[in-house]
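Biologist: I would like a close look at a single part of this protein. Please walk me through it strand by strand.

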Amino acid sequence: MSTENKNEVISEIDDASSKHTNKHLLRNTLLIIFILAAIAPVVYRLIDRNAGSTHTRPAAIVGTASAIRTDMPVMATALGTVQPLVTATVRSQLSGVLFKLMFQEGQMIRAGQMLAQIDPRPYRLALAQARADLARDEAQLAVARLDLTRYETLLSQDSIASQQVDTQRALVRQLTGTVAADRAAIGTAELNLEYTAIKSPIDGRVGIRQVDIGNYLTPSDTNGIVVITQLDPIDVSFFLPQTQLSIIGHQADSGAGLLVLALDQNDNKILAEGRFLAFDNQVDTTTGTVRAKARFDNENNTLFPGQFVNISLLVTTLHDAVTVPVSAVRHGVPGDFVFVVQPDNTVRLTPVTIGPSADGQIAITSGLAAGAIVVTDGADGLEEGSPVRLTENRNPDDDKSHQDDPH
């Protein structure tokens, strides 16, 4: 082989070796870049965590309030239905043609007020006939008594038979009974004549009339003439859980006269104030509730029969109870808890036991002392030991008047 050919072979070998080396270097470079890209997020998180641990968490701005001692009413609430004490369907007590109507639909009326008039003429004639029968029978009785006196005189003279006297005495007794029956018939006729004037049996409001003038009325009419409902006083019926039966029953039996409020459907307006009346005599086994009634004065007719109202019953009062705003109580894995602000402006998660609530306040039966400063706003994101910055929304007088050690 010539020297020139040898040089060409050596040159080709060198080029092949150089290409192989370049491919190997490129592959290693790509592998390193891939590894660095994979571990970069982990390294970044580690660096960021270490950097964060060297800085203090910014204080959260929160609203606060002081736990105070006050009397807390214990209320029982329910949905109630207004029911009149008496609902009377006015019907005719005898048959006849309706002669007059003397009321306006929806009118307030008094007991004994005249509502309608049935044609009285047939009943006046019946009364006149009964009186005539009485006059006739009284005349016959008078004659029979005179004859009996004569017969007794003749019998004493032994001028007639005693059987004739006995017969006359029986006739007198018979006519006496007839006169008594005539007098009863007069009373019935007078009562029927009085029944032609149909009067209201109760005070209340009349509804929509069911008949028109000229209709023939009978006592068996189903709808009657009109329905009257008594509005003052008026009852409200509602259901309470059987668990409250004992305490409410005890308070009612003690003569305390439990206060009951009837509110509108939005719980914004008190419609009437009344008193607890009674429980039903058995519990509804399907719902575990017991029916109850309260009675209300309704002079202004603010309660209407059939109306739905919200009932609020004052069961008892917790005296000198520790209370906080409802917004201070939070719920989580520990159960009910509050965030209590510490002297170093950090918060402490404090489990509590809650009681009844009213007017935006809730009673704390255990776990918190009066005077403690609790977070009411901005508690989202807080945890044990979180720093906070307070807004000026609590009453400083509360802090001065309650020096108990906050828990």
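In the hairpin of β12 and β13, which residue takes a positive phi?

Modeller: That residue is aspartate 267, with a positive phi near 60 degrees. The hairpin has six residues between its strands.

A word on the basis. This is a predicted model, where local features need pLDDT of at least 70, side-chain atom pairs count only at pLDDT 80 or more, and totals for chains, interfaces and linings use all residues. Residues are numbered from 1 along each chain as its sequence is written, and side-chain values use heavy atoms, with hydrogens and water left out.

Now the strand itself. β12 covers residues 259-263. Strands are DSSP runs of E, at least two residues long, numbered from the N terminus; helices are runs of H or I, at least four residues long. Four of the five residues of β12 are buried, so the strand is largely enclosed by the rest of the structure. Buried means under 20% relative accessible area, with a 1.4 Å probe and protein chains only.

β12 has two partners to look at. Strands pair if DSSP finds at least two bridges between them. With β13 (residues 270-284), β12 pairs in the antiparallel sense over five bridges. With β15 (residues 308-325), β12 also runs antiparallel, joined by four bridges.

Last, the setting. The protein chain has five helices and 22 strands. Buried residues make up 31% of its 407 residues.

Terms used
Buried < 20%, exposed > 50% of the residue type's maximum accessible area, 1.4 Å probe, protein only.
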